[in-house]
Amino acid sequence: MKQLDERLRSHYPQLSPQEQRIADFVFDHFDDLISYNSAELARLSGVSKATVSRLFKRLGYEKYKDMRDELRILRQSGMPLTDNRDAVQGNTLLSRHYKQEMANLTQWVNSIDPQQFGEVISALGAAKRVFIIGMRNAYPVALHLRQQLMQARPQVHVLPQPGQTLGEELVDITPDDIVVVMAFRRRPRIIRPLMQQLQQNNIPVLALCEPQAQGIITLARWQLCAPLDSVSAFDSYASAMSLVNLLANALLHEMLSQGRQRIHQIADLYQHLDELEHR
């Protein structure tokens, strides 16, 4: 019999937007779910109690209480509900944090499709321009990806510029370019219509998102998913940054001759401008 998280993942694409809000909350707070009644889950997810009831009936539970009873039995039997992060020696915040970070890294590495990844690297190298769109918590990741890609190739841009809108930028993007959309959770509402517009204009799009972002994955030509799970309230972007590092290194290897020459030119400019401290 499938556990709750497996049922949610298999049903996710067919769920309504309100039901997906519940699913997203459950994924983010799975370890604490057993402590919430249906009214609390509805309030925390920002939906009605009736929506919670409909979702769990869709998942095969006659009542919300049946799901909680299932989780309670699994926990009492010693079966891990989502991961084994408490199985590491000790149960300190540090050990649980380490275990979760390792689980995130393992998950995204194992989920990469080599053929799709190769297509992404080829597209990043062949595109006339690379546009990286990142907002809110994705913005630092977008900046870092730009900084790394610029070591190997020219014409890498981050959008939107501070305080600016996207319309003026999007009008000039063509199918000869590539757009990397950082679409991590708690996404601004504009992300979905933005990706729909890019898809309509036949613009190649790479989505970097968490695995649960089923609602937007289909709007991108390629998808690379980085788990953001952490042991507390704040998401961890360690796996996202690791993915950025892999993309940049793979592109450099793909464009090794051109990339090396560019890196040497950049290093010469550092020296001439005396921008960096030498140690």
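Trainee: Let's start with α7. How far does α7 reach from its first C-alpha to its last?
Mentor: Helices here are DSSP runs of H or I with at least four residues, strands are E runs with at least two, and both are numbered from the N terminus. Helix α7 covers residues 114–126, 13 residues in total. The expected span is 1.5 Å times one less than the number of residues, and for α7 that comes to 18 Å. The reach of α7 is close to that, at 18 Å.

Trainee: Before we go on, what kind of model is this?
Mentor: Residues are numbered from 1 along each chain as its sequence is written, and side-chain values use heavy atoms, with hydrogens and water left out. Local features need pLDDT of at least 70 and side-chain atom pairs count only at pLDDT 80 or more, while totals for chains, interfaces and linings use all residues, since this is a predicted model.

Trainee: Which residues of α7 are buried, and how wide an arc do they cover?
Mentor: Buried means under 20% relative accessible area, exposed means over 50%, and partly exposed is in between, using a 1.4 Å probe and protein chains only. In α7 the buried ones are Gln 116, Phe 117, Val 120, Ile 121, Ala 123 and Leu 124. They sit on the same side of α7 because the arc they cover around the axis, taken from the directions to the C-beta atoms, is only 160°.

Trainee: And which residues are exposed on the other side of α7?
Mentor: The buried side packs against β1 (130–134), α8 (138–149), β3 (178–182), β4 (205–209), β5 (222–225) and α12 (238–254), where a contact means heavy atoms within 4.5 Å. On the other side, the exposed residues are Pro 114, Gln 115 and Ala 126.

Trainee: At the start of α7, which backbone nitrogen does Asp 113 reach?
Mentor: Look at the side chain of Asp 113 here. One of its oxygens comes to within 3.0 Å of a backbone nitrogen, that of Gln 115.

Trainee: Now α2. Which helices do its buried residues pack against?
Mentor: Helix α2 spans residues 17–28 and reaches 17 Å, close to the 16 Å expected. Its buried residues are Glu 19, Gln 20, Ile 22, Ala 23, Phe 25, Val 26 and Phe 27. They pack against α1 (4–11), α3 (38–45) and α4 (49–58).

Trainee: How many aromatic pairs does the structure hold, and what is the angle between the planes of Phe 56 and Tyr 64?
Mentor: Rings of Phe, Tyr and Trp (its six-membered ring) pair if their centres lie within 6.5 Å; planes under 30 degrees apart are stacked, over 60 edge-to-face, and the rest tilted. The structure holds five such pairs. Phe 56 and Tyr 64 are both buried, and their edge-to-face pair has centres 5.1 Å apart and planes at 90°.

Trainee: How many residues apart are Phe 184 and Tyr 237?
Mentor: These two form an edge-to-face pair, 5.5 Å centre to centre with 85° between the planes. The pair links distant parts of the chain: Phe 184 is in the loop between β3 and α10 (191–200), and Tyr 237 is in the loop between β5 and α12.

Trainee: Which residue lies over the face of Tyr 61?
Mentor: Tyr 61 forms one aromatic cluster with Phe 56 and Tyr 64. A charge sits over a ring if NZ of Lys or CZ of Arg is within 6 Å of the ring centre and within 35 degrees of the ring normal. Over Tyr 61, at 4.3 Å from the ring centre, lies Arg 7.

Trainee: Which two residues does a cis peptide bond join?
Mentor: Go to the loop between β2 (156–159) and α9 (167–170), where Pro 160 lies. Omega is about -10° at the cis bond, which joins Leu 159 and Pro 160.

Trainee: Is Gln 155 buried or partly exposed?
Mentor: Gln 155 lies in the loop between α8 and β2. Its phi is near 60°, a positive value in a residue other than glycine. With a relative accessible area of 40%, Gln 155 is partly exposed.

Trainee: Last one: what distance separates the C-alpha atoms of Ala 152 and Ala 248?
Mentor: Ala 152 is in the loop between α8 and β2, and it counts as buried at 2% relative accessibility. Ala 248 is 96 residues away along the chain, yet the C-alpha atoms are separated by 7.9 Å.

Technical notes
A polar contact is a pair of N or O atoms within 3.5 Å; within protein, one must be able to donate a hydrogen and the other to accept it, and residues adjacent in sequence count only if both atoms are side-chain atoms.
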